[in-house]
Amino acid sequence: MTDCSNVEMRELLPEYLHDALGPASRGRVEAHLAACSPCREELATLRLARAVLSSERTPAFDAAAIVRALPRPSTPHAVPSAASPASSPPMAVVRPSVRRSSTMLRIAAAVTFISLGAISVAVTRAYFGGAPSGGDSAIVALSPDTPAVAAVLPGTAPGTGERAQAGLTLHASWRELDDASLESLMGALDDLEAAPLADPETTPGGRALDGALSGS
Amino acid sequence: MTAEISPGIEAPDGDLIARWRAGDERAATLLVERHAPSVARYVASLGGRDGADELVQDTFVRAFGSLDAFRGESSLRTWLFTIARRLVLDRRRARRRRRDADELQDHDAITEYDALDGLLAQEAEATMRVAIQRLTPTQREVFRLRVNEGMSYKEIADVVGTTEGAARVHYHNALRQVKETLHD
């Protein structure tokens, strides 16, 4: 038997089968069925198919176990006022994720701030030379290889000076300097004020200190 | 469904979800009792009869675990079917990776029909089972969702992951083939 040419009516048959049509559409379909043998046969086919499919064994499941396994709602939400689910879906409440986003932003800002601070300290140290290892360190211009340094800093042999680095270096034994040496050193440091500190070995201040220490 | 089964059984899914979010565990029970049977049958039809209870439970756990992602644009049933289908396919892929047979769906369907053949009293129903069994897996899935679950083409497209037009074509091809088998 050929199919009915009324596509609209044929498309409505599954909904008619499930009683999902409004009164008007249902009336139209029933009127059409009364006059259309192919559609009556198609509806019978659909009804048989549904009966067969519905009669299949439903696999066993434990509804209580499913409910027990469900995640608990983190924060109970107030039940919204009576409204259709489509117009006001209760699932639209997303406050927990907003709160999570705010916390993550704060953490990210703190990490960024700390990172910038650390980078600033590192750049400053790289620019001005080695960092003091403690409050008792002395600042000595010139390389530790300089004999004058060894003379001023007792116990520091040339080439083996503590924290030996080119440029400004620190030494923990400044307390052992006598008054004259300290005075001479401070005077030399005063002359260094205008010297660029990034390259102390070649600065005039550095040479002046060298000369001052050597001449003392 | 009838109202005398349980108070609130006729409440819309959205209302029950809201009640569950407010701490009403009974609402979750109603939702599970309402949708689990059809989800279980759908899982079985896709070849997931073995371990269907686990798949059904996983479906609900995932659905309830991500309710914030569910905006209500589709029905809860469509959403559950979509999740269930994904779980079945994931499990099938995992089995395929273990070099299991790739005929899981047809194998399970045949087993199911064989097991039920003895219960069939009418020849028409037996013929219909054969007709449905002859459909391609996609045709069978779409035909089932349309005829047995009463889903629209839009809902079927959402579940299967295709277009409404493709769902319509699969349905009509399936219906035509079923008719041909019945008239053979």
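Tutor: Read along the sequence, chain A runs α-α-α-α-α-β-α-β-α-α, which comes to 8 helices and 2 strands; helices here are DSSP runs of H or I with at least four residues, strands are runs of E with at least two, and both are numbered from the N terminus. This is a predicted model, where local features need pLDDT of at least 70, side-chain atom pairs count only at pLDDT 80 or more, and totals for chains, interfaces and linings use all residues. Residues are numbered from 1 along each chain as its sequence is written, while chains are lettered from A and ligands numbered from 1 in the order in which they are written.

Now for the part you asked about. On the chain B side, 51 residues are in contact with 40 residues of chain A; contact means C-beta atoms, placed from the backbone, within 7 Å. Helix 2 of chain B gives the largest share of that side, 11 residues. Other elements giving two or more residues include helix 1, helix 3 (52-65) and helix 9 (164-183) of chain B. By class, the chain B side splits into 26 nonpolar, 8 polar and 17 charged residues, with Ala, Val, Leu, Ile, Met, Phe, Trp, Tyr, Cys and Pro taken as nonpolar, Asp, Glu, Lys and Arg as charged, and the others, Gly among them, as polar.

Helix 2 (residues 25-48) of chain B also packs against helix 1 (residues 13-21) of chain B, at about 145° with the axes 7 Å apart. Those axes are lines fitted to C-alpha atoms over the stretch in contact, and the angle, on a scale from 0 to 180 degrees, is taken between N-to-C directions. Helix 1 of chain B brings B:D13, B:L16, B:R19 and B:W20 to this contact, and helix 2 of chain B brings B:A27, B:A28, B:L30 and B:L31. That makes 6 nonpolar, no polar and 2 charged residues.

Confidence in chain B is lowest in helix 5 of chain B, at a mean of 49, and highest in helix 7 of chain B, at 95. Residues 1-8 of chain B fall below 50, and beyond near neighbours in sequence this stretch has 6 contacts in the model. Where pLDDT is low, the predicted coordinates should not be read in detail. The model itself scores ipTM 0.74 and pTM 0.55.

Technical notes. Contact = placed C-beta atoms within 7 Å. pLDDT = per-residue confidence, 0-100.
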